[in-house]
Every structure is written in structure tokens, then in C-alpha cells.
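Me: Hi, I'm new to this one and would like a friendly tour. Please start wherever you like.

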Amino acid sequence: MNMNLTKLNYSLKYLKDTGVAYLTVCFMGMQLVAFPLAAQETGSATKEVVTTSGAPSGASSRDALSLAVGKSKAYKFKNPVVRISVGNPAVADVMLVNPREVYFLGKKSGSTNVTLWHANNQTTNLDLFVGGDTDYIIDLLSDLLPTAKTIKATAAGESIVLSGKVADAETVQKAMTITEHATGKKVLNMLSTNDLEQVLLEVKVAEIDRSIADALGIQAQGTNFSFNPLGAAALGFSATASANVGAGAGFTQTWFQANMQNGLVKILAEPNIMAISGQQGEFLSGGTVYLPVPQSGVSGAVITLQAVPYGVGVKFTPTVLGDGKINLKVAPQVSQVSSTGVTVTAGGQTQVIPQILSRSASTTVQLYDGQSFAIGGLISNNVNEVISAFPWLASLPVIGVLFRSSSFQNNRSELMILVTPHIVKPMSGKPVLPTDSYIQPTQAEFFLGGKLEGAKPVDTQPPTSITPSVGSSDGK
């Protein structure tokens, strides 16, 4: 078919509803074909292709752009831009490079909006978000944590949000630490792990406290004098004598004192507590004592009561590491109220303030499941020797012993604290409780028999035979 090319007409049409421009070819008023014109990239890595509606193609349906602080991007628009307005210039700088290219620079974390007016009276509204450099964080975590490829970093104002799923709690801590040091910003943890291990901690606190006290001496007391070197209660035998010394004649008594004490105290506490990996567990079995604390008030000194807990307790935070190790931060404590207390005299009044004796330790260790560590130990050996004597008379040969008393006291204590962690799983059956074996006694057993527990019922049923199952180890 012969066609006169001079009769071909070319025209450019733009459809607003689709936002696509078409090149049409017509011959003698008849449209032969229409070619859609697609936008092409500018070739610069910092520029992005935009649609004819004026909004960048990288923006979402609500025309939102994201920038990192200190980084810039350039976007090219099909329709020429004649005017730009930035809601908050402190967040970002927006500059018109040429009528079709706009340059964005993030200055500080925050959000603002940008309005662009085009030459064809169209308006483009963009929401601009400026935050931390999340691309750098993702690349850094991918290099340092090869097993954590699913971690996502999102800028949220002055903070960085980490999300995704990782293998264990150790990876979570490493990702948090790396992000905090790399950005210097607050990191919000929204990471999750596959399965969090549960750790049961066994703590044993064993203490032996031994005391030995010996005393030997003489106590003399008369009408005009007294001599008591020991200052203790009289033991053994006593003798009475009288003496007449001039005008000061009176009655005199003399005691021979001997005292020996030997005491032993044994303390053993075994608290057990369980917690999820990465979470803190706390246990306390004891009570609370209120100690007076002086406070300065308007009318003078005021005494307030401060609650102080005591007993057997433990606080620990386990973290199960990737290689099966357990990072354990533990702080056990065993305390009790002393029977003696502290005597305080003030304002002519004497009061005894309770005294709390405590054994505690706080440390961080690493060990495997079932292994034990002695995290604390103490050996204390105190020796106290006192000799009391009557002046001059105690220095006489042979008979000077009668005017001298001696006391010896030795306190020795040994303390050890052991911890043993176990990785445990929930039991499928019902556990045995300490109260399951208790049977309440009947009135006859309690009043007549004096029993605190009732007799266990006798099982009268004959034992049943056990038939081996198929495939048992005995081969039957």
C-alpha cells in the first residue's frame, strides 16, 4: 500500500485521569496508532522518576517522603515547579535546582509538609519525615550479626525502633548495644525471639558459727569495797570470810568463779526461683521489721519508722546465650533479726533497737546448665583475751593468782554461697506438693492419741499384674 507521508500528522495528547501522555499518528484526519510515553530515569543516583501528577514515584499514596538527618535526595517532576513552601524550615531545606528538579536536605529529626505549585496550576502536597539513618543501622547489623538478617530499623522522632524476629535473647542485647553506640540515640526494643528459655536457679547458703568462751577468776565484795574482774554470774562454789580493819570493820564475801561456754549455730537456706531469659526474678521468704530513723522537722527531731525486710531472698536475671551458656546476674541474701539488738540511751531513756544480721552477695557469672559456682565465701576467726587483776596484789608471787582473772573468747564462722542454674520446661503432669502427704487427724487421734497427723489409709486392693507391652526390652 502506497501512502503519502506528507499527509501524516503527529500530535501529543495528555490524559489527566490516567496521567499518561500519548503520541498519536494520523493520516488524513484518521488516527492510525497511539504510542504511550513512559518517563525515563535521569541517570543520577540521587534522582528518582516522578509521575506527571507532580508527586515523586517513591512516595506513598499519601505522598510521604523520608530522609535521614544530614543526607539529601533530589526528585524530578514532569510538570515545572514555580513555587515551594516548607512548613518547618528547621526540619529540612527544600531548594529548586531547576524548574523540574527539587533538592531535599534533612536537618534534624521531625516532620513537616512541603507544598509545590506547578506551572499548570497543579499543587503537590508532600509529608516529609526526617529521622535517623536507618539504612546505615541495617547494614551495620547485617555485617556484625550475620544470623539476624530480619532486623528492621525505623526512625521514630529522636529514637530508633528495632523490630523483627531473632534467634535468641543474646542477639537482642547485641543489636540494642550496637544501635545505641552507633547512633547515640534512644533505642526502642520491639524485637521478638523464637522461644525464650526459662531458667531455674538453685541457691544454697551454708554457714557454721562456732563460739568458745572460757573465764576463770575471783570476785570479792565487802562493806567498803568490791572486786569483780569477771563481771559474770558466779559459778562453782563460794566462801565467806569476815575481817576487822580498824574503824572500817565490816562483812566481806568472796566467790571463786569459773565459766565455760561452747556454742554452735548452723544456718542453711536453699531458695529456688525461676524466670524467663532476660527477665528479672525475685523471691523473699521472711518478714519486715521497723527501725526508728531520726528526721529533722519544724518542731525539732522527729523519729520515723522505716520498714526493713529480712529473711531468705534472691534476685537474679538470667540470659541464655547462643552457645548454651547462661549469663547470670544474681544477688542472694539471708538476714535475720538479732536477739540482742543495739542499746541506745538518749534523753535519760534507754531503748533497744533491733539489729539485722545479713549475709548477702551480688555478682554476675557465666556457666552452663547444671554447673555450680561458689559466688561468695567467708572465713572469720576472732579471738578476744582479757586479763583483769587487782593492782599490786596480782603481782605477788604464788598468791597473785588469787587476785587475777582471765577470760578467753573465740568466734569462728564459715560461710559459703553456691548457685546452680537449670534450663527447664513446663511439666505436663501435676507436681507433688509438700502438703499432699499431710492427713488431718481425727478427734480421737488428736485428743486421745496425741497425734498431729492422721494415719494413712491401708490399701486393701491386691496388686495388679503388669503385662509387658509389644516391643518391650525383655523381648516377650
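Reply: Let's begin with K107, whose relative accessible area of 41% makes it partly exposed. That label covers what lies between buried (under 20% relative accessible area) and exposed (over 50%), using a 1.4 Å probe and protein chains only. This is a predicted model, where local features need pLDDT of at least 70 and side-chain atom pairs count only at pLDDT 80 or more, while totals for chains, interfaces and linings use all residues. Residues are numbered from 1 along each chain as its sequence is written, and side-chain values use heavy atoms, without hydrogens or water.

Me: Okay, and what does the side chain of K107 meet?

Reply: D93, in a salt bridge with 3.5 Å from N to O. A salt bridge here is a side-chain nitrogen of Lys or Arg within 4 Å of a carboxyl oxygen of Asp or Glu.

Me: Where in the chain do K107 and D93 sit?

Reply: K107 is in the loop between β9 (101-106) and β10 (110-118), and D93 is in strand β8 (residues 92-98), so the pair links distant parts of the chain, 14 residues apart. Strands (E, at least two residues) and helices (H or I, at least four) are DSSP runs numbered from the N terminus. D93 counts as partly exposed because its relative accessible area is 28%.

Me: How many salt bridges does the structure hold?

Reply: Four. Another one joins E207 and R359, with the closest N and O atoms 2.6 Å apart. E207 is in strand β15 (residues 198-222) and R359 in strand β25 (residues 356-360), so this pair ties together parts 152 residues apart in sequence.

Me: Are E207 and R359 buried or exposed?

Reply: Both E207 and R359 are buried.

Me: And which side chain does E414 meet in a salt bridge?

Reply: That of R412, at 3.4 Å from N to O. E414 is partly exposed because its relative accessibility is 37%. R412 is partly exposed too, with 33%.

Me: Switching topic: how much space lies in the largest pocket?

Reply: About 400 Å³. The volume is the space filled by probe spheres set on grid points, which are joined across faces, edges and corners. A pocket is an open set of points on a 1 Å grid over the protein atoms alone, where a 1.4 Å probe fits and protein lies on both sides within 12 Å along at least five of seven lines; lining residues have an atom within 4 Å of a point.

Me: How many residues line the largest pocket, and which lie nearest its centre?

Reply: There are 19 lining residues, and S66, L67, A68, G132 and T134 lie nearest the centre. The elements that each supply at least two of the lining residues are β5 (64-68), β6 (72-76), β10, β11 (123-131), α1 (134-144) and β12 (152-156).

Me: How does that lining divide by residue type?

Reply: Into six nonpolar, nine polar and four charged residues.

Me: You mentioned β12. What about T154?

Reply: T154 lies in strand β12 and is partly exposed, at 42% relative accessible area. T154 and L188 are 34 residues apart in sequence, with their C-alpha atoms 9.7 Å apart in space.

Me: Last one: what is the phi of N121?

Reply: It is positive, about 70°, although N121 is not a glycine. N121 belongs to the loop between β10 and β11, and it counts as exposed because its relative accessibility is 74%.

Conventions. Ala, Val, Leu, Ile, Met, Phe, Trp, Tyr, Cys and Pro count as nonpolar, Asp, Glu, Lys and Arg as charged, and the others, Gly among them, as polar.
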